[in-house]
Amino acid sequence: MLPLTFLANLRQHYTLGVTLSRKITHFYKYYNSRLTGMEVNDKVTKDLLVAFDFDHTLVDDNSDTVARSLLSTKNIDYSTAEKIYKDSNSWTSYMIEIFRIIHENSITGDEIVSAIHRIPPIAGMEELLKYLSSHRRCEMIIISDSNSVFIDEWLKHKNLSNFVRKVFTNPAFFDTADLLNIEPYQNQDFCKISERNLCKGHVLETYISDRQRENVFFNHLAFVGDGSNDLCPSLRLSHGDFIFPRENYALSRKLSRYEGEIKADIHPWTTGNDVLDVIQKALTSKTPEKD
């Protein structure tokens with residue numbers, strides 16, 4: 001027969017083991033819920049998500065045509081790219097050929113990047129980004145048909161990279177031969193008013209859904225753009241949201257044809273200060289949450 005002291009010690013160790021096991025199980029469930037965003041107390045509601053286009057919105061030029069101008073200044077023929085665009089109606093395919101010709105004519109990656117660095121920002125846009133980043137309850141993304149090298153390089157050169165949470169654009173990289181490679185961001189056929197390689201409305205809605213799974217929600221949305229491919233995200237915004245079309249550009253003209261489908265408030269702009277004025281008033285007036 002086992003001594004009573006031995007049985008008592010065995011029971012004590014068993015109790016400690018069960019308690020420790022329960023604590024470990026509780027910690028695992030809690031930690032896992034934190035990772036999956038299911039902890040109710042961790043819900044974060046931000047005042048505003050602002051999505052920006054890049055060309056003719058943050059920068060006062062088209063980054064692709066700036067790169068192409070490196071050929072024009074040296075009188076280098078790029079008619080093969082023009083033929084590709086005519087046959088395919090694909091701007092991405094066109095730029096793939098432009099970058100091939102640039103490389104073939106010994107124009108270096110450094111020359112391309114330097115040209116991108118020289119593109120000026122639109123007046124007031126740097127101040128707008130800095131203002132939004134100073135508000136912890138605001139978030140910024142870029143959705144652009146440029147490419148990742150151009151956008152990343154320009155943001156870094158202007159010390160603005162940390163202000164933008166994420167960039168959605170055509171992936172690009174310089175290979176070991178110094179050729180700039182570019183790939184389409186998408187190959188979509190579900191949105192007829194967007195380019196095949198990029199539906200900005202789909203990207204915006206997917207980002208919002210991803211953030212919700214991370215338990216981050218937005219009271220209001222804003223889209224700042226200029227071109228025809230900025231129409232789709234504009235049409236997906238709701239009452240209480242903001243559309244900022246650049247005056248006298250394609251988006252501004254397109255919106256006038258879709259008056260019956262637009263729910264968000266439209267605020268035309270010529271400089272970043274125009275956008276800043278509207279957003280400052282919205283954030284300081286503590287507008288109610290949208291439906």
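Biologist: How many of the 10 residues of β6 are buried?

Modeller: Buried means under 20% relative accessible area, exposed means over 50%, and partly exposed is in between (1.4 Å probe, protein chains only). In β6, 9 of the 10 residues are buried, so the strand is largely enclosed by the rest of the structure. This is a predicted model: local features need pLDDT of at least 70, side-chain atom pairs count only at pLDDT 80 or more, and totals for chains, interfaces and linings use all residues. Residues are numbered from 1 along each chain as its sequence is written, and side-chain values use heavy atoms, with hydrogens and water left out.

Biologist: How many helices and strands are in the chain?

Modeller: Both are DSSP runs, numbered from the N terminus: helices are H or I over at least four residues, strands are E over at least two. The chain has 11 helices and 8 strands. Of its 291 residues, 43% count as buried.

Biologist: What order do the strands of the open sheet have?

Modeller: Start with pairing: two strands pair if DSSP finds at least two bridges between them. Here the order is β3-β2-β1-β6-β7-β8, an open sheet of 6 strands with parallel pairing. At the edges are β3 (166-170) and β8 (265-266), each pairing on one side only.

Biologist: Which helix packs on the sheet, touching β2 and β3?

Modeller: Contact means heavy atoms within 4.5 Å. Axes are lines fitted to C-alpha atoms, for helices over the stretch in contact, and angles between N-to-C directions run from 0 to 180 degrees. The helix is α7 (residues 148-157), and its direction makes about 135° with that of β2. Helix α8 (residues 200-213) lies across β1, β2, β3 and β6 (216-225). It runs at about 145° to β2.

Biologist: How many bridges join β1 to β6?

Modeller: There are 8, and the two strands run parallel. The pairing of β2 with β3 is parallel over 4 bridges. I143 has F168 of β3 as its bridge partner.

Biologist: Which residues of β2 are buried on one side and on the other?

Modeller: One side has C138, M140, I142, S144 and S146, the other E139, I141, I143, D145 and N147, and all are buried.

Biologist: Does K46 count as buried or exposed?

Modeller: K46 counts as buried because its relative accessibility is 13%. Its place is in strand β1. Its side chain joins that of E139 in a polar contact of 2.7 Å. A polar contact is a pair of N or O atoms within 3.5 Å; within protein, one must be able to donate a hydrogen and the other to accept it, and residues adjacent in sequence count only if both atoms are side-chain atoms. Beyond four places in sequence, K46 touches residues including E139, R211 and F218. H135 is 89 residues away along the chain, yet the two C-alpha atoms are separated by 9.6 Å.

Biologist: What joins the side chains of H117 and E153?

Modeller: A polar contact of 3.0 Å. H117 sits in helix α5 (residues 109-117). Leaving aside neighbours within four places in sequence, H117 is in contact with E153, W154 and H157.

Biologist: How many aromatic pairs does a search of the whole structure find?

Modeller: Rings of Phe, Tyr and Trp (its six-membered ring) pair if their centres lie within 6.5 Å; planes under 30 degrees apart are stacked, over 60 edge-to-face, the rest tilted. The search finds 8 pairs. Y85 and W91 form an edge-to-face pair, because their ring centres are 5.9 Å apart and their planes are at 85°. Y85 is partly exposed at 33% relative accessible area. W91 is partly exposed too, at 26% relative accessibility. Ring pairs link Y85, W91 and Y94 into a cluster.

Biologist: Does T92 count as buried or exposed?

Modeller: T92 is buried, at 5% relative accessibility. T92 lies in helix α4 (residues 91-104). Its contacts beyond four places in sequence are N170, I182, E183, P184 and N197.
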